[in-house]
Amino acid sequence: MANTQSMIFTIYGDYIRHYGNKIWIGSLIHLLKEFGHNEQSVRVAVSRMMKQGWLDSEKKGNKSYYFMTPRGETRIEEAAIRIFKLMPNDWDGKWRILMYTIPEEKRQIRDELRKELLWSGFGSFSNGCWISPNNLEKEVNLLIEKYGIQSYVDFFVSEYKGPQADRALVEKSWPLQEIAERYQEFISTYSNQFIVHHSMMNKGQMTNAECFVERTNLVHEYRKFLFSDPGLPKELLPEIWNGNHAALLFESYYKLLAQSASQFFEMVFQEDNDLRRKDKSYDADNHPFIIE
């Protein structure tokens, strides 16, 4: 069973953010029960997320409602854009290079910065030197401000002039073979499930609740690639890259389950939440961040 806090992030990102970003704790507990999480584990996870600055709350009568803070919204927005970007983008030929020398007494900040850089898609080129071919200036500036490390970092945007090829920098900074193997595991697991569920859907053998569970689990598993796949542009990927195959499978599977899953979510959400806050432009069949 997935970690409760991690699953709450997934549900906020794939559902609640499209419905006004706020939910009554009773509805959240109802949704998480579908995955086997009990009331106590949900309340503990929510409390922890508030202490970490991801969630905030408000009272209406005797009911507590929880919503993502601006920090949480920013993180979910970044994640959603990367999850639903199904094909690699074109490259502008530039490398973004972040170099730092953070003193030992600030080791905790340094360790947290490394995690943030990995999550954003940077690769470790050498000790204290991180690179990315993607336009991540905004993310870097936010991290510098967040950790107050202006005195310890330098950030460059530049071209690589050799003597090796740009792909050599990729091989040095990211474990592409390892990432490809993870994608292959995802394809093997979910292509079989997709065939089974496609057949069941055609026969009317899946309930909306089951579709909600499967769609959420699909997004939950797929979003784990945010921590390993930097989202390299096509010019820097191998000619045959199974990440593209995994993305197409994810899209087809997601669309198969989308409407029924959303109907279950709305059935739960409409009790003690304001369904009128749903984003009118949101269509689960055509996710606003899907970029083919």
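Me: How many bridges hold β2 and β3 together, and in which sense do they pair?

Reply: In this predicted model, β2 and β3 pair in the antiparallel sense over six bridges, where two strands are taken as paired if DSSP finds at least two bridges between them. Helices (H or I, at least four residues) and strands (E, at least two) are DSSP runs, numbered from the N terminus. One of the pairs puts serine 57 with its bridge partner in β3, tyrosine 66.

Me: And what sits in the turn between them?

Reply: β2 and β3 form a hairpin with two residues between them, and glycine 61 in that turn has a positive phi of about 65°.

Me: Before going on, what do the residue numbers and confidence cut-offs refer to?

Reply: Residues are numbered from 1 along each chain as its sequence is written, and side-chain values use heavy atoms, with hydrogens and water left out. As this is a predicted model, local features need pLDDT of at least 70 and side-chain atom pairs count only at pLDDT 80 or more, while totals for chains, interfaces and linings use all residues.

Me: OK, back to the sheet. What's the strand order?

Reply: It is an open sheet of three strands in the order β1-β3-β2, with antiparallel pairing. The edge strands are β1 (22-24) and β2 (55-60), each of which pairs on one side only. From one strand to the next, the twist averages 30°; such angles run from 0 to 180 degrees between N-to-C directions, and axes are lines fitted to C-alpha atoms, for helices over the stretch in contact.

Me: How is β1 attached, and which residues face each other?

Reply: Three bridges join β1 to β3 (residues 63-68), and these two strands run antiparallel. Lysine 22 stands opposite phenylalanine 67 in β3, and tryptophan 24 stands opposite tyrosine 65.

Me: Which helix lies across β2 and β3?

Reply: That is α3 (residues 39-51), which runs at about 115° to β2; contact here means heavy atoms within 4.5 Å.

Me: Switching to the other sheet, how many strands form it?

Reply: Four strands form this open sheet, in the order β5-β6-β4-β7 and with antiparallel pairing. Its edge strands are β5 (123-126) and β7 (153-158), each pairing on one side only, and its twist averages 25° from one strand to the next. Within the sheet, four bridges join β4 (residues 95-100) to β6 (residues 129-132), which run antiparallel, and leucine 98 stands opposite tryptophan 130 in β6.

Me: Which helices pack on that sheet?

Reply: α5 packs on it and touches β4 and β6, with a direction that makes about 170° with that of β4. α7 (residues 166-173) also packs on the sheet, touching β4, β5 and β6, and its direction makes about 100° with that of β5.

Me: At what angle does α5 pack with α4?

Reply: The two helices pack at an angle of about 35°, with their axes 11 Å apart. On the α4 side Arg75, Glu78, Ala79 and Arg82 meet Glu116, Trp119 and Ser120 of α5. By class, that contact has two nonpolar, one polar and four charged residues, where Ala, Val, Leu, Ile, Met, Phe, Trp, Tyr, Cys and Pro count as nonpolar, Asp, Glu, Lys and Arg as charged, and the others, Gly among them, as polar.

Me: How's the chain divided into domains?

Reply: It has domain 1 (4-73), domain 2 (95-158) and domain 3 (175-277), with bounds that come from an automatic or database domain assignment. The centres of domain 1 and domain 2, taken over C-alpha atoms, are separated by 30 Å.

Me: What's the volume of the largest pocket, and what lines it?

Reply: The largest pocket has a volume of about 730 Å³. Of the 36 residues that line it, the closest to its centre are Arg82, Lys85, Asn134, Pro230 and Gly231. The elements that give two or more residues to the lining are α4 (70-83), α5 (107-120), α6 (137-147) and α10 (242-269), and α4 gives the most, with six residues. By class, the lining divides into 18 nonpolar, eight polar and 10 charged residues.

Me: What counts as a pocket here?

Reply: On a 1 Å grid over the protein atoms alone, a pocket is an open set of points where a 1.4 Å probe fits, with protein on both sides within 12 Å along at least five of seven lines, and lining residues have an atom within 4 Å of a point. Grid points are joined across faces, edges and corners, and a volume is the space filled by probe spheres set on the points.
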